[in-house]
Amino acid sequence: LIRGGVIAAVGQGLSTTGKVVDARGCVVTPGLVNTHHHLYQTLTRAVPGGQDALLFGWLQTLYPIWSRFGPEEMFVSAQVGLAELALSGCTLTSDHLYLFPNGSRVDDTIAAASEVGLRFHPTRGAMSIGESDGGLPPDALVEREAAILEDCIRVVDAHHDASEGAMVRVGLAPCSPFSVSRDLMREAALLARDKRVMLHTHLAENDEDIAYSLAKFGCRPGQYAEDLGWTGDDVWHAHCVKLDAGEIDLFARSRTGVAHCPCSNCRLGSGIAPVRAMRDAGVKVGLGVDGSASNDAGNLILEARQSLLLQRVSRGADAMSAREALEIATLGAAKVLGRSDCGAIVPGMRADLAIWDVSGIESAGSWDPVASLILCGPTRVRDLYVEGRAVVQGGQMATIDLPRVIERQNHLARRLI
């Protein structure tokens with residue numbers, strides 16, 4: 001029973017004078033939660049030259065293309081990425097936008113999320129060290145650090161909502177140790193604590209990442225993060241594929257969260273994140289689809305399946321159950337984003353619900369309809385509700401004209417090509 005965007009009751013024989021949704025033949029889950037994405041990248045899927053590259057080479061292929069984006073590219077690509085997430089059962093997503101060419105702003109993606117209807121946790125990212133200073137991004141894509149911090153303040157003041165059931169919360173997210181200075185990392189942490197918002201960045205993604213940290217900073221990524229104030233309950237790091245035992249212990253003790261991006265890690269050959277070890281140590285772990293230039297899909301339920309498969313291929317068939325994978329995709333991910341009001345079907349929680357029709361061919365013959373969501377499908381929701389409002393109905397977007405948006409997206413992609 002849903003009232004005012006909140007789950008009022010769960011059980012048999014509930015009465016209402018409102019609308020009744022018939023979910024016979026379906027499984028109802030909490031809405032899935034995505035803890036890491038780069039929505040703008042839906043415009044650069046399967047780009048030649050980046051298809052078979054490791055992380056650093058992949059970035060250097062794509063930076064020049066991204067430098068030609070503007071506000072419309074940011075808005076439309078976010079609409080497409082958010083719709084793709086919604087159709088895969090996602091009700092709450094973060095986004096990491098760290099480049100702002102040609103007048104682009106975080107506000108462009110926030111406007112897209114408002115139209116699509118998903119609960120949104122955008123992060124104001126940044127890059128400040130260009131090629132001429134030893135960084136990876138071209139100089140044209142980096143910003144002055146004073147301007148970055150000034151705009152961080154603007155975005156938080158304009159959009160962050162700390163209240164229960166907020167549809168938009170904002171975080172601060174310098175891109176990575178190889179694209180910003182230590183000073184910016186430290187200043188962003190201080191500003192985030194002053195504004196009481198969360199912190200996010202990429203960390204320990206692959207062997208190149210570790211080598212860069214050792215060469216430039218003389219320490220591993222975990223030590224780098226701790227020294228600059230980047231551990232704690234208000235911090236989550238993307239990837240963490242190469243965390244060692246000491247870093248896992250640090251994250252567990254400090255309540256630092258991790259966004260696990262299994263498909264992206266496979267696509268870029270980064271490795272298998274030690275999710276089993278992290279979970280066993282008490283680290284908060286959620287799922288992330290990562291950007292659609294490195295996945296190249298944005299289907300969150302498939303990400304949950306991939307997380308299970310990778311832990312099993314690494315640790316054995318009993319390393320992760322289907323129900324644990326589903327928990328990581330819902331309640332676990334909500335905890336990573338600091339959302340105690342989302343991620344479970346419990347009275348008092350927000351009414352973010354996914355309805356999966358398990359009467360079709362994907363799960364035909366399944367003995368366990370809950371496990372079948374992870375092990376066999378379906379991979380697309382029948383209905384999706386955010387704050388009790390329909391975003392997907394009958395397998396189709398209910399909030400935007402998706403065919404028209406896709407047509408515009410493809411036009412923009414052809415223009416970039």
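Buried, on this tour, means under 20% relative accessible area, with exposed over 50% and partly exposed in between (1.4 Å probe, protein chains only). You're looking at a predicted model, where local features need pLDDT of at least 70, side-chain atom pairs count only at pLDDT 80 or more, and totals for chains, interfaces and linings use all residues. Residues are numbered from 1 along each chain as its sequence is written, and side-chain values use heavy atoms, leaving out hydrogens and water.

**Stop 1: helix H3**

Select residues 106–116, helix H3. (Helices, H or I with at least four residues, and strands, E with at least two, are DSSP runs numbered from the N terminus.) How many of the eleven residues of H3 are buried? Eight are, so H3 is largely enclosed by the rest of the structure. Colour Val106, Asp107, Asp108, Thr109, Ile110, Ala112, Ala113 and Val116 to see the buried ones. Now show what covers them: the cover includes helices H2 (71–87) and H4 (145–159), plus strands E5, E6 (119–126), E14 (389–393) and E15 (396–397); contact here means heavy atoms within 4.5 Å.

**Stop 2: the aromatic rings**

There are nine aromatic pairs in the structure. Rings of Phe, Tyr and Trp (its six-membered ring) pair if their centres lie within 6.5 Å; planes under 30 degrees apart count as stacked, over 60 as edge-to-face and the rest as tilted.

Pick Tyr40 and Tyr98: their ring centres sit 6.0 Å apart with the planes at 85 degrees, so this pair is edge-to-face. Tyr40 is in the loop between E4 (32–34) and H1 (55–66), and Tyr98 in the loop between E5 (90–97) and H3, so the pair ties together parts 58 residues apart in sequence. Tyr40 is buried at 1% relative accessibility, and Tyr98 is buried at 2%.

Phe56 belongs to H1 and Phe178 to the loop between E7 (171–174) and H5 (182–195), 122 residues apart.

Finally, select Tyr40, Trp58, Tyr63, Trp66, Phe69 and Tyr98 together: ring pairs link them into a cluster.

**Stop 3: H11 against H12**

Select 300–315 (H11) and 322–336 (H12), which pack at about 130 degrees with their axes 9 Å apart. (Axes are lines fitted to C-alpha atoms, for helices over the stretch in contact; angles run from 0 to 180 degrees between N-to-C directions.) Show Ala304, Ser307 and Leu308 of H11 with Ala322, Ala325 and Ala329 of H12 to see the contact.
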